[in-house]
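Biologist: I'd like to go through this model with you, one question at a time. Shall we start once it's on the screen?

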Amino acid sequence: MPEFPKPKAVPFVWRWADLFPLAEKSRELVTVGRDSERRATGLANSGVRGQTYINPTLWCAIQYLCLGENAPEHRHAQNAFRFVVESEGVWTVVDGDPVHMSRGELLLTPRWSLHGHNNTATTPMA
């Protein structure tokens with residue numbers, strides 16, 4: 001074991017002013033329901049080469065749902081946490097229970113929990 005940590009990830013700041021236009025552009029490139037089950041733009045740290053991770057153990061993405069779109073229910077082995085940055089009145093379903101999501105909220109989803117995302121609001125959700 002090394003005396004000091006030797007992280008591969010390098011310091012970097014992803015600015016929302018740069019990310020949100022990319023998320024908006026993704027709606028032109030990926031159609032939810034036809035091309036994919038969800039539209040998510042993964043962030044990558046240049047120090048973790050060849051992987052779309054922000055550090056060796058954390059994946060981060062911006063999910064963008066247009067008006068009326070639904071990302072079908074799915075599950076995964078890792079826990080998930082979400083910050084609602086844009087939109088009001090969107091919701092997710094976790095193990096069959098609907099959970100309202102509002103701008104500024106943090107939502108935690110335990111591993112293996114079946115969950116999906118729905119946008120019934122009047123604005124896109126990110």
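Biologist: Where does asparagine 79 lie?

Modeller: Bear in mind that this is a predicted model. Asparagine 79 counts as exposed, at 53% relative accessibility. Its place in the chain is the loop between S3 and S4.

Biologist: And how far apart are the C-alpha atoms of asparagine 79 and tryptophan 112?

Modeller: Along the chain, asparagine 79 and tryptophan 112 are 33 residues apart.

Biologist: Let's zoom out. Which pattern does the protein follow, read along the sequence?

Modeller: The secondary structure comes to one helix and eight strands. The C-alpha atoms fill a box of roughly 50 × 30 × 30 Å along the principal axes. Reading along the sequence, you get α-β-β-β-β-β-β-β-β.

Biologist: What percentage of the residues is buried?

Modeller: A residue counts as buried when its relative accessible area is under 20%. The protein has 126 residues, and the buried ones make up 32%.

Biologist: Now the pockets. How much space lies in the largest pocket?

Modeller: Its lining takes in 25 residues, and Trp59, Cys60, Ala61, Phe81 and Arg82 lie nearest the centre. The space in that largest pocket is about 870 Å³.

Biologist: Which element gives the largest share of that pocket's lining?

Modeller: The elements giving two or more residues to the lining are helix H1 (16-29), strand S2 (61-63) and strand S4 (80-83). The largest share is four residues, and they come from S4.

Biologist: What about the surface: how much accessible area does the nonpolar patch have?

Modeller: The patch is formed by Phe81, Phe83, Leu106 and Leu108. S4 and strand S7 (106-109) each supply at least two of its residues. Together the four have an accessible area of about 460 Å².

Biologist: Is phenylalanine 83 buried or exposed?

Modeller: Phenylalanine 83 lies in strand S4. The cut-off for exposed is over 50% relative accessible area. Phenylalanine 83 has 52%, so the label is exposed.

Biologist: On to the charges. How many salt bridges does the structure hold?

Modeller: One of them joins the side chains of lysine 25 and glutamate 28, at 2.9 Å from N to O. Arginine 39 and glutamate 69 meet in a salt bridge too, with an N to O distance of 2.9 Å. The count for the structure is two.

Biologist: How many residues apart are lysine 25 and glutamate 28 in helix H1?

Modeller: Lysine 25 is partly exposed at 43% relative accessible area, while glutamate 28 is exposed at 55%. About one helical turn separates the pair, because their spacing in helix H1 is three residues.

Biologist: And how many residues apart in sequence are the parts tied together by arginine 39 and glutamate 69?

Modeller: Both of these residues, arginine 39 and glutamate 69, are buried. Their side chains meet in a salt bridge. Arginine 39 lies in the loop between H1 and strand S1 (40-42) and glutamate 69 in the loop between S2 and strand S3 (70-74), so the parts that the pair ties together have a sequence separation of 30 residues.

Biologist: Backbone next: what phi does serine 87 have?

Modeller: Serine 87 sits in the loop between S4 and strand S5 (88-94). It is buried, with a relative accessible area of 7%. Although serine 87 is not a glycine, its phi is positive, at about 105°.

Biologist: Last one: how far apart in space are tyrosine 53 and glycine 42?

Modeller: Tyrosine 53 is in the loop between S1 and S2 and is partly exposed, with a relative accessible area of 31%. In sequence, tyrosine 53 and glycine 42 are 11 residues apart. In space, C-alpha to C-alpha, the distance is 7.6 Å.

Notes. Residues are numbered from 1 along each chain as its sequence is written. This is a predicted model: local features need pLDDT of at least 70, side-chain atom pairs count only at pLDDT 80 or more; totals for chains, interfaces and linings use all residues. Side-chain values use heavy atoms; hydrogens and water are left out. On a 1 Å grid over the protein atoms alone, a cavity is a set of points where a 1.4 Å probe fits but cannot get out, and a pocket is an open set with protein on both sides within 12 Å along at least five of seven lines; lining residues have an atom within 4 Å of a point. Grid points are joined across faces, edges and corners, and a volume is the space filled by probe spheres set on the points. Buried means under 20% relative accessible area, exposed over 50%, partly exposed in between (1.4 Å probe, protein chains only). Patches are made of residues with over 30% relative accessible area and no salt bridge: like charges are joined within 9 Å, nonpolar side chains (Val, Leu, Ile, Met, Phe, Trp, Tyr) within 5 Å. Accessible areas come from the Shrake-Rupley method with a 1.4 Å probe; for residues, only the protein chains shown count as cover.
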